[in-house]
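Subject: Model handover and findings

Hello,

Here is the structure for you to look over. My notes follow below it.

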Amino acid sequence: MTTSPVESSPADAAQIDMPFVDGPLVDTVERAATNPEREQPYAALGLKEDEYLKIREILGRRPTSGELAMYSVMWSEHCSYKSSKVWLRQFGQKVTPEMTKNLMVGMGENAGVIDVGEGWAVTFKIESHNHPSYIEPFQGAATGVGGIVRDIISMGARPVAVMDALRFGAIDSPDTARVVHGVVSGISFYANCLGLPNIGGETYFDSVYQANPLVNALAVGVLRHEDLHLANARGVGNKVVLFGARTGGDGIGGASILASDSFSASGPTKRPAVQVGDPFAEKVLIECCLELFRDDLVEGIQDLGAAGISCATSELASNGDGGMAVDLDRVLLRDPSLTAEEILMSESQERMMAIVRPEKLDAFMAVVGKWEVETSVLGEVTDTGRLIITWRGETIVDVDPRTVAVDGPVYDRPIAYPTWIDELNADSASGLARPTAGEELAAQVQALAASANLSDKSWITAQYDRYVMGNTALSYPDDGGMVRVDEESGLGFAVATDANGRYCYLDPYQGAQLALAEAYRNVAVTGATPVAVSDCLNFGSPENPEVMWQFSKSVEGLADGCLELGIPVTGGNVSFYNQTGNVPIHPTPVVGVLGVIDDVARRVPSGWQDEGHNIYLLGITSLELDGSAWAGLVHGHLGGRPPAVDLQREKELAGLLNGGTKEALIGSAHDLADGGLAQALVESALRFGIGARIFLDELCERDGIDLATALFSESTGRVIVSVPREDDVRFVGLCEARRYPVQRIGVTDGLPDAAPSLNLQGMFDISLADLRAGWSGTLPTHFA
Amino acid sequence: MRIGVVTFPGSLDDRDAQRAVRFADAEPVALWHGDHDLQGVDAVVLPGGFSYGDYLRCGAIAARSAIMTEVIAAAEQGMPILGICNGFQMLTESHLLPGGLIRNEAGSFVCRDQLLRVESTSTTWTSGFSAGEEIIIPLKNGEGGYIADAVTIERLEGEGRVVFRYLGYNPNGSMNDIAGISNERGNVVGLMPHPEHAIEPGFGPDTADAMRSGVDGLRLFRSALESALAH
């Protein structure tokens with residue numbers, strides 16, 4: 001439009017009101033047929049030439065610009081899993097009937113659902129929001145929380161807890177503070193405002209994440225079995241209803257290119273690619289959805305996340321009767337100048353799409369009206385097998401929805417064994433100088449406790465509400481978070497997330513299993529029984545064969561590990577292209593494990609609560625310092641092979657802990673991982689300010705190790721527990737009956753007439769005050 | 001005794017407040033922001049949260065809702081009203097209590113187990129405490145800094161209307177370490193900490209005795225119940 005409305009003739013004015021009617025801008029199915037050779041910006045939308053040709057082949061003509069928009073977002077790596085699919089299949093294949101017997105909904109839906117008994121089910125999922133969180137940390141992290149929470153609502157569940165696995169660049173790099181402040185306040189803002197307790201997670205600093213922070217958000221929801229909902233559009237004539245926030249121009253990635261390359265010059269230009277969140281709108285949407293579920297007013301439901309309406313319509317139709325007719329003019333807009341393509345691709349937050357029976361529409365409208373949620377009926381379910389979208393009276397999309405949502409491209413990308421990995425594996429940490437003198441040991445214990453990755457994370461967690469809903473039984477700094485599900489019976493769940501990029505860099509197969517083992521152990525120490533896994537696989541570019549090798553090995557390790565532990569992967573997500581230039585991040589598969597506990601009253605904290613308890617170390621310690629926190633901090637070393645992992649032993653350990661907590665023999669339990677025994681002792685002492693006297697001579701003799709190895713090795717299958725003296729015989733008997741190695745290593749009695757301290761007999765005595773000053777000072781020093 | 005708990009769009013701790021009422025052996029009654037109806041309750045709790053997304057100012061839009069017309073009228077007749085966090089903000093916004101709440105001094109949201117001193121036991125909600133008693137109540141807010149002009153502060157202090165004071169650490173920069181105040185009559189109390197999260201062993205704040213064992217908050221609700229029974 002070059003003519004301004006003021007100067008224009010009436011005819012021009014009419015054109016301005018509806019600028020697309022006669023212009024070249026509305027690309028209809030009809031025009032696609034009559035104008036087949038029109039050049040299309042598929043490459044700018046991220047489609048490869050062969051993918052574009054495939055779309056033409058599917059349609060038997062060129063796609064309309066609306067169809068091209070839909071295919072381009074739905075066939076993107078993010079939505080289609082085209083590079084990972086061939087490997088992810090293992091999660092569905094490596095299963096036993098035992099593993100799936102409590103699985104109500106497995107992979108492929110918005111989130112997995114597990115039967116936890118008493119008529120209750122729990123749904124959980126972890127998802128990445130990495131790239132947006134680097135560009136715009138606050139909104140990136142906030143909408144990451146919002147997105148995963150909507151996945152949980154879509155299953156028919158009430159969201160009840162969130163957790164975050166965060167990875168930032170080096171703690172002292174100038175840009176890290178920007179990202180940390182943005183991400184933490186974004187999560188704080190959104191999740192606090194939703195009224196969801198934040199029950200834990202992890203925070204890790206490493207320069208490999210400098211320009212590629214990882215923001216992985218996990219959410220958990222609970223539902224009664226009968227409230228389960230799925231994302232499918234069934235029942236011809238049922239209404240397709242869009243409700244929640246209005247659709248705006250935010251979050252359009254490719255569309256901005258689309259709009260500026262070939263479409264209206266008067267339309268909106270460059271849209272922010274990062275979505276903007278409104279947690280208030282989402283909170284109202286949660287309550288509104290739960291009321292709709294309660295009153296049985298919804299047949300199928302899907303949240304709008306990546307790819308917005310394109311994704312919701314094509315997925316709902318694919319999973320249902322296969323057909324849907326939608327009128328895009330009925331979409332309520334925040335910005336009336338949006339083009340059809342932009343409406344299809346917008347990732348505006350806080351929106352849901354429901355399938356509603358016509359006879360229930362009035363009741364549906366009454367509920368959304370009560371919550372003042374804006375709602376529009378877009379169309380209905382059909383049996384044509386086609387997804388047909390009209391706009392301004394013309395058909396702009398006419399596709400088989402399965403070709404958009406399900407049968408996208410699949411790549412078996414080349415993999416290559418990394419040229420550098422043999423040399424890396426040969427460079428073990430076992431030859432590095434290990435301290436023997438008490439003073440030096442003490443200095444290293446303190447340095448580790450104050451290091452970026454092992455230091456106190458309360459500066460972050462204090463910005464999150466852990467109390468809301470009144471059911472939080474454990475949260476940070478305990479090893480796992482725990483939430484009560486049923487107020488009468490005490491039934492509850494526990495969750496923990498773990499990953500160790502350093503281990504995975506050394507050996508992605510074993511590294512993934514180590515993450516799984518640690519998360520599993522972290523759930524077990526709370527007293528819960530691990531039952532399911534959700535994973536968030538963060539890797540570099542899949543087009544790099546060495547990265548693809550890392551990915552394939554990690555997935556294989558994880559799938560094999562889950563099979564061995566007997567717990568299924570119920571969902572998750574893949575995040576590729578986490579790299580700066582040609583340098584990928586360390587492979588970082590974050591593993592979330594969910595456990596069930598029959599009564600949260602028997603939960604076990606990770607720190608010593610009382611004096612007079614004996615401290616036992618369960619498991620065997622070997623010289624396993626490769627990839628350890630100690631090697632990294634003290635020697636700046638990363639090489640060798642990560643610790644051995646024995647998942648059968650982990651299962652036995654979990655069984656032992658479960659037995660011990662059921663018999664109320666265990667006062668506290670803390671898993672040994674990063675920083676080894678030293679860090680576990682520090683954290684156990686600082687949890688409630690109870691000191692201990694530790695003696696490791698017998699342990700060293702039994703396991704044939706030196707003191708530094710006993711303190712800093714990261715051997716797996718190990719936990720320290722504190723046991724009241726009167727339960728000693730029973731506890732040791734339990735371990736012996738289960739043939740699990742057990743060694744008494746200390747008591748939680750302080751020295752007489754002294755302030756509480758961590759005392760290693762004959763070696764060092766560090767006051768808890770000093771230990772705490774170092775441990776809790778690090779994050780505030782850098783960020784407060 | 002029936003205690004109403006109002007749900008506004010964006011209320012978060014409303015179900016927790018209902019649970020607290022139940023634990024105090026009173027009957028919780030859910031009230032809706034859009035109704036002009038207190039359903040005959042004997043007292044009202046305005047719960048925590050982000051009513052109306054905290055848009056404009058925290059509590060400002062809620063203070064002008066239909067239900068608040070009724071709450072204000074009932075408060076003036078002497079009905080016990082407790083405003084927790086966002087509820088406290090509503091009480092100042094509707095001028096049932098003086099002063100206001102501003103962004104925490106440190107700038108960020110803070111969640112912690114907070115030590116408080118009970119400064120006044122002459123309100124409906126604190127009659128079950130002893131004066132000067134120290135209690136632990138979870139605190140979680142982004143805009144909890146209490147502020148008022150010098151004359152108001154002097155009056156509140158002089159009239160014994162500072163009900164709770166932060167001890168050991170002032171988490172939000174509140175003037176005079178004020179955590180909660182009352183109106184002149186003592187039937188309306190507002191505080192930033194969340195007593196409804198210190199009512200049930202296992203789910204409350206840590207205490208010197210055991211983790212998550214703090215139940216000091218229950219006594220606010222019991223106090224209201226006992227005051228009602230005494231009348």
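**The interface of chain A and chain B**

Across the interface of chain A and chain B, 13 residue pairs are in polar contact, both residues being at pLDDT 80 or more. A polar contact here is a pair of N or O atoms within 3.5 Å; within protein, one must be able to donate a hydrogen and the other to accept it, and residues adjacent in sequence count only if both atoms are side-chain atoms.

Two points on the source. This is a predicted model: local features need pLDDT of at least 70, side-chain atom pairs count only at pLDDT 80 or more, and totals for chains, interfaces and linings use all residues. Residues are numbered from 1 along each chain as its sequence is written, chains are lettered from A and ligands numbered from 1 in the order in which they are written, and side-chain values use heavy atoms, with hydrogens and water left out.

Which elements supply the chain A side? α10 (174–194), α12 (279–294), β14 (472–474) and α25 (676–688) of chain A each give at least two residues to the side that touches chain B. The largest share, four residues, comes from α10(A). Helices (H or I, at least four residues) and strands (E, at least two) are DSSP runs, numbered from the N terminus. By class, this side of chain A has 15 nonpolar, nine polar and twelve charged residues. Ala, Val, Leu, Ile, Met, Phe, Trp, Tyr, Cys and Pro count as nonpolar, Asp, Glu, Lys and Arg as charged, and the others, Gly among them, as polar.

In total, 36 residues of chain A are in contact (heavy atoms within 4.5 Å) with 33 residues of chain B. The two chains bury about 2,800 Å² between them, 54% of it on carbon and sulfur atoms. Buried area is the accessible area (1.4 Å probe) that two parts lose on being put together, summed over both. In chain A, Phe280(A), Tyr467(A) and Glu487(A) lose the most area to chain B, together 24% of what that side buries.

**Salt bridges**

The rule finds six salt bridges across this interface. It asks for a side-chain nitrogen of Lys or Arg within 4 Å of a carboxyl oxygen of Asp or Glu. One joins Glu200(B) to Arg484(A), with the closest N and O atoms 2.6 Å apart.

Over all chains, the search finds 55 salt bridges. Among them is Asp560(A) with Lys94(A), at 2.7 Å, N to O. Asp560(A) lies in helix α22 (residues 545–565) and Lys94(A) in the loop between α6 (85–93) and α7 (97–100) of chain A, so the pair ties together parts 466 residues apart in sequence.

**Backbone points to check**

The peptide bond from Tyr476(A) to Pro477(A) is cis, with omega near 10°. Pro477(A) sits in the loop between β14 and β15 (481–484) of chain A. Glu118(A) has a positive phi of about 60°, although it is not a glycine. Glu118(A) is in the loop between β2 (112–117) and β3 (120–128) of chain A.

Best wishes
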